[in-house]
Amino acid sequence: MNIIEFADKDQLGREAAAMIARTIEAKPHAVLGLATGGTPVDTYRELIRLHQSKQLSLKQTKTVNLDEYVGLDSDHENSYMTYMKRHLFDHIDIPKDQYYLPNGNASNLDLECLRYEQLIQDLGGIDLQLLGIGQNGHIGFNEPGTPFTSRTHVVQLDENTRQTNARYFSSIDEVPTYAITMGIESILSSKKILLLASGKSKAKVIQYLEKAEIHPDFPASALKLHQDVTVFIDREAGSLR
Ligand code: F6R
């Protein structure tokens, strides 16, 4: 695991976007694994800038997202589909049928998980997976205790995770209780992984990640089993190292 520290979150976003752009330049039909949340917003903004200044095209690229809430329509203002359109897809040239998220409104959620897992395989696997990290070490919505052998599955969200995500909803009661997430093994099957962490609120988890033994109680420690993981942090997230 290679940890690289940047001055601030703007630089982190530019560098993360540059790594994604290099991946697409080398392989225009690459499959990107994408994340939502606060952390990748700057990365997506920079990707949009690169596209608008004609330095990057995602016309041939396909994307699969890590997760989606259960029970929200895909056009709900807080669905991850809406997030992805708002922060990236609506501003770049990726065709509408080349980006995928799990369908959290499927009538049979277990079948939906199998379908999503199969889809990733049919696309040829993920070339570069972008990740954030929760303060409890979650990756995707794989909360502490999730087996490392997990594939795409339905999860009940940790109370802390619901509280943290409540900032996007008008009240905590509106935050969904369940989500579909890629599993840890699905994530580890990606060819390359880029984890981003910025801000003081991530300093403890980054300190812990560096030292942590590999154990399901700390899901991000599974990344130590992968040979090509880069972690980009800003100075604040690195302040307790
Ligand atoms: C998002 C996801 C989550 C977030 C994590 C960090 O798709 O799967 O694991 O990456 O909760 O969220 P932020 O970036 O908001 O701190």
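**The ligand site and the sheet**

An oxygen atom of the ligand lies 3.5 Å from a polar backbone atom of Gly132 (a polar contact is a pair of N or O atoms within 3.5 Å). The model is predicted, so local features need pLDDT of at least 70 and side-chain atom pairs pLDDT 80 or more, while totals for chains, interfaces and linings use all residues. Residues are numbered from 1 along each chain as its sequence is written, and side-chain values use heavy atoms, without hydrogens and water.

A polar side-chain atom of His138 is 2.7 Å from an oxygen atom of the ligand, and a polar backbone atom of Gly140 is 2.7 Å from a ligand oxygen atom. The protein covers 90% of the 410 Å² of accessible area that the ligand has on its own (Shrake-Rupley method, 1.4 Å probe).

Around the ligand are 13 residues, of which Thr39, Asp67, His138, Gly140 and Lys202 come nearest (a heavy atom within 4 Å counts as near). This shell divides into three nonpolar, seven polar and three charged residues, with Gly counted as polar.

Elsewhere, an open sheet of seven strands runs in the order β1-β10-β9-β6-β2-β3-β5, with parallel pairing (strands are DSSP runs of E, at least two residues, and pair if there are at least two bridges between them). At its edges are β1 (2–6) and β5 (99–100), each pairing on one side only. Strands β2 (residues 31–34) and β3 (residues 62–65) pair in the parallel sense over four bridges. Val31 has Lys62 in β3 as its bridge partner.

Note on methods
A polar contact is a pair of N or O atoms within 3.5 Å; within protein, one must be able to donate a hydrogen and the other to accept it, and residues adjacent in sequence count only if both atoms are side-chain atoms.
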